[in-house]
Structure formats: C-alpha cells, structure tokens
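Hello,

Here is the structure I promised to pass on. Please look it over before reading my notes.

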Amino acid sequence: MSGPEREPEQGQASDLTQLGAAARRGTSRTGLPDPAPTPLGHALTRVQRDTLEATLLARAALAGLHAQAGRTPGGPTSPAPQFVAAGSGAAAISPLLEDLLSVLAQRPEVLREALTLLRSTGRRLNAVQARSLLALNDGGGDPLAGTLWPTLNEHARWLVRLHPVWKRQDPETLPASVQLANLRRELVEAHAAEPETAAQDAVARWPALKADERRVALEAAAGSLHQADWPMVRLAINDKLPDVRRRALLLQGHLPGAVREEVRAALPTWFVRVKGRLKVVRGQAVEALGQPEANTTADGELHRLLGAWPTAELPALLGATLAEILDALKKYPDHLGSPASEYRGQKVIEDMERGAAGADLDALLASETSLGRLLPYWPQRRIQALLWEAVTRLLGPPELDGTLMRTTLTLFAALEEPLPLAPETQAAPRKGLLARVVSALGRPQAHDWPTLLNALSERLLLALSREISSYPLPLSPLLEAVAIHLDPARPVPSGPQPQMPPDLPEGASKKAQEAHTVALIRYNQHTHGQAALTHTLTLRRQVHAALAGDW
C-alpha cells in the first residue's frame, strides 16, 4: 500500500510521531506527549488506561488508524500473468488418457513412460490435468526424471512455475544438481558415440567449466576412455582441484604410454603367494602417479597403482582371480604401516573399482557394491549390453545366483529409457559355452528384449513359488523392475500357481508349523507377484492404447 500521509499541524510533529518518540525514550522518563489541538488530539485525550504504557499503546493504535484512513491503494508491483487464449497451442490429450492420470500419479515408473510417449505425439497436458500430478514428489526430488515439463502447455507451465518443487523443471530455473546431471548424461553419451569429437569439445570447454562440471567431464571420459582423451587428461593433471588432479594422474595408466608400462611393471611387486594364498607386501611405486596424500588411510601408493590399471586386466597381470585379489586387499596394512582394517581395505578396493569401466560382467559381480556408483558414467549401450548378458545368465542354471540377481537389478535401475518393445536387428551369433547353453534352451541370442524379458518374468514367478524373496534373492524387486520393460501387447507372463497350503491340525509339531509358514509365504508372494505384474501390464496397455487412439 502507498499514498500521502496526513499532514501534521504546521511547525508541529504529528501525534503519531510524538507517541513513537515517547515509546523509544520510555514513559518513565518523558511521560505522555500532549496531543495536538485537533479533532484527533481531542479524541486521544479521552483515551485513558490503567498505566502510562497501556495508554501510550492505545493512543498510538488510534493515531495509526487515523493516519491510514483515506489512503488509496498503490499500483501493481508486477505485471499480471499473460495467459494463452483458450483452445490455442498444442492439442489436448484424449479423455481416455485423462481418466488414467489419477492412477498414473500413484505409479511414477509407468507415468514416466506415459509422458515420454505423450511427448512424441505432440499433445500436451493442460493446467487442470497437470495439477493432479503436482502432488507427486519424492521428498522434493523429481520422480519423473524431467519428463513432465516437455508435456505441459503454456497454462500448465504457468501453474508449475508457482509450485515450490515442480518449478525446478523449468529449463530457465533448473537447480545446479539437475543441470549437472543433464551435463553428465550429455557428455557420457557424446563421448561414447563420437569420442574424438567429444574429446576436442571437452578440451575447448575445460577453462570455462566450474569445479563440479570438470569432475563430471573427466568421469564421463573415464567411463569410455579413448586415445583422443589424452589432451583433456593432461589439462586435468594441472587442475587446481586435488581430486581432479589425482583422478587424471591415475587415468594415465589406462591410456597407452610410458606410465602404463611403469604401472604394469610395478603392480606385481605388491603381491606374493604365501602357502598358496595371495598376500599384499610392500612393492615399487610409480612417481608419475603423484605423491599420496599424507596422514590418511584413504590414499596410498597401492591405492594409486590399482586405480591406474583396468580392473578387467588385473587377474591376468597378477596371475590370480579377482576374488583372490579382493580378499588380499581387505587384509593389507596401509602405506603408513598401520594394522590392516576393513575400512583401509575398502578404500583401496574403491580405487581399484574405479578402473572397472571396461570390465566384463564377471568383474562387476566380484565387486557389486560399487556398481551403482560407477554406472552413471557408463553409456547406455554398454549398460544394455551388460544387462542382456546378466539376464541371459539368469535363464541358464537351475539355481538362481543372488549376486547376479542384485547386479541385474542395479543395471535395470541405471536404464534411463525403456528397453525396445520390438526385436532389434539380429546380431552375429556369439561364441562360447554360454551362447551354446542359451541356444540349447531355446532362448533368443539377438536383442529380442520382449522375448528375453518374458522368459525372465516366468522364471521369477516360478522362483517366487519355491523361494522366499529377501536380500540374497531379491525376486519381487527384480520382477517389478522387469515389468516396466515388458511388451504390453503380449500376454501377461505367468507361472505355475502354487496351491494354498491347508490348515494345520491342532497339536502340529513345531517343524510342521515352520514348514506351513514357509509354504504360506511362498503362496502369498507368488500371488502378489502375479497380481502386481498383471496390474502393471494392464495399466501400460491402457496407456499405449489411449495414446494410439485405439482404446
């Protein structure tokens, strides 16, 4: 509000000003000011309370009201929002899809797929439709992975800009963390597709990149390192950030050159066999990898040597399995001579695992704990290739491998887009025992994801009727991850329905009660798994049909 104040009597301060001055000095020192000889002053004189302080406050309230009386409102402080005329802009979604929005709001993984498909149709959500989705937030995060904003019309975008969480989807106001994640995806995929061009671009951009952006750029290159990355690595070696310098120094061992040959010669000197068991001893250092940070167990000469050599090539270099190497590292004393500890062993293993960008599935299975930290810097085509091999292995032996299942679940979580719903171009037949086993089982050998995942779903449903889903065997979480990538046009996969265990007679033994409880758990988890799979595929089928206009 703004407007002219009442003018006091000429040459005299207003009553409100005098009351404010008295309040600042204190009534015990100055008493109450005499009101001016005006109608307001006469009214103030009649205001009396039990104490001077109460009287001053009451008179100030009256004087304040008198000063505000008759004021006119000021002009607007900001322009009114400009709305697009009704009916203009992108076409609206069908009523059939609109009816599904309230259900989709409870299933973010299916909603992401629906929004991705909606964007490709050119149709957009209006403000009313978008409002039903705004209650969906994951603790202030973005459970829709950036898929909402491109599907909104202008009305809906105006509404989203007013929301305390979803306003961050606006490309003009993206938070730094989202911008960094977008940069990571851009650099990782660009480097995997055209490494020479991406490497030249990274060198040109390097001086203008912020600290976190330089870290991301270096890790993006490390995820699919190429000979063309040498110029950027040399730039990073002289960076002002210690962690960037250290990472660049270690990447020298992953590129052809003198440093790699020094690492090749030095690493075997740190490992010996004692009575058939691999043991870590003090060995040679490589000066080109830099001096380890002083007084810390998180850095050392062996840390740097392991980080400077590809994980997949360690077994051949050391003449030991990866499992033996990991076991030896967990027990080694650090470079300060302190006793071995699980923490020190874990820190050196982390350095070793950062060289796993080119590792095969067996190497990843041996160090599954770090996989989720590494995958964001690997290109999607590599993640899909590893996932294909992991799923194929799960369809092989009769016994399910818990480590393989957990690794498969992590690979599914790293996918940024749904897998193809149609069989891809037939690839050249793979060689080796695994391929022959898969062929004998009648499993697809090319990238026929729908057929492969249907087979995996059936395998998991069968396992749910025989095993208890828990940490060693995450059957239910893996089935949920597979469901979002199945072809909704195909029949819902199913497995043999277990029988509901009959009630136990009175006085049943403890062993019989335990067996009955296990049978009941298996029955319930299979029933729930089949129902959840059916619900997900039915919902996805409705979304696809509504967007195609056929439902």
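First, the ground rules. This is a predicted model, in which local features need pLDDT of at least 70 and side-chain atom pairs count only at pLDDT 80 or more, while totals for chains, interfaces and linings use all residues. Residues are numbered from 1 along each chain as its sequence is written, and side-chain values use heavy atoms, with hydrogens and water left out.

**Overall**

The chain has 26 helices and 2 strands. Helices (H or I, at least four residues) and strands (E, at least two) are DSSP runs, numbered from the N terminus. The chain has 551 residues, and 42% of them count as buried. Buried means under 20% relative accessible area, exposed means over 50%, and partly exposed is in between (1.4 Å probe, protein chains only). The accessible surface comes to about 29,200 Å², with 55% belonging to carbon and sulfur atoms. Areas come from the Shrake-Rupley method with a 1.4 Å probe; for residues, only the protein chains shown count as cover. Take the contacts between residues at least 6 apart in sequence: 68% of them join residues at least 24 apart. Contact means heavy atoms within 4.5 Å.

**The hairpin**

Strands β1 (residues 271-274) and β2 run antiparallel, joined by 4 bridges. Two strands pair if DSSP finds at least two bridges between them. Arginine 273 has leucine 278 as its bridge partner in β2. Valine 274 stands opposite arginine 277. The hairpin has 2 residues between the strands, and lysine 275 takes a positive phi near 55 degrees.

In a regular strand the side chains alternate between the two faces of the sheet. Strand β2 (residues 277-280) has Leu278 and Val280 on its covered face, with Arg277 and Lys279 on the uncovered one. Lysine 279 counts as partly exposed because its relative accessibility is 46%. Beyond its neighbours within four places in sequence, lysine 279 is in contact with Trp270, Phe271, Val272, Val274 and Ala328. Isoleucine 325 is 46 residues from lysine 279 in sequence, yet 8.4 Å away in space, C-alpha to C-alpha.

**Helix α4**

Helix α4 (residues 52-68) has 17 residues, which at 1.5 Å a residue should span 24 Å; its end C-alpha atoms are 24 Å apart, so the two agree. The expected span is 1.5 Å times one less than the number of residues. Buried in α4 are Thr55, Leu56, Ala58, Arg59, Ala63 and Ala67. Their cover includes α1 (15-25), α2 (27-30) and α3 (39-45). Just after α4, glycine 70 takes a positive phi of about 85 degrees.

The structure holds 1 aromatic pair. Tryptophan 388 lies in α21 and tryptophan 449 in helix α24 (residues 449-464), so the pair ties together parts 61 residues apart in sequence. Rings of Phe, Tyr and Trp (its six-membered ring) pair if their centres lie within 6.5 Å; planes under 30 degrees apart count as stacked, over 60 as edge-to-face and the rest as tilted.

**Charges over rings**

Arginine 382 lies over the face of tryptophan 378, at 4.6 Å from the ring centre. The charged end of arginine 260 sits over the ring of tryptophan 309, 4.3 Å from its centre. The test is NZ of Lys or CZ of Arg within 6 Å of the ring centre and within 35 degrees of the ring normal.

**Two glutamates**

Glutamate 458 lies in α24. It counts as partly exposed, at 38% relative accessibility. Not counting residues up to four places away in sequence, glutamate 458 touches Pro493 and Ser494. Glutamate 262 is found in helix α14 (residues 258-266). Its relative accessible area is 39%, so glutamate 262 is partly exposed. Glutamate 262 and valine 286, 24 residues apart in sequence, are 6.6 Å apart in space, C-alpha to C-alpha.

Best wishes
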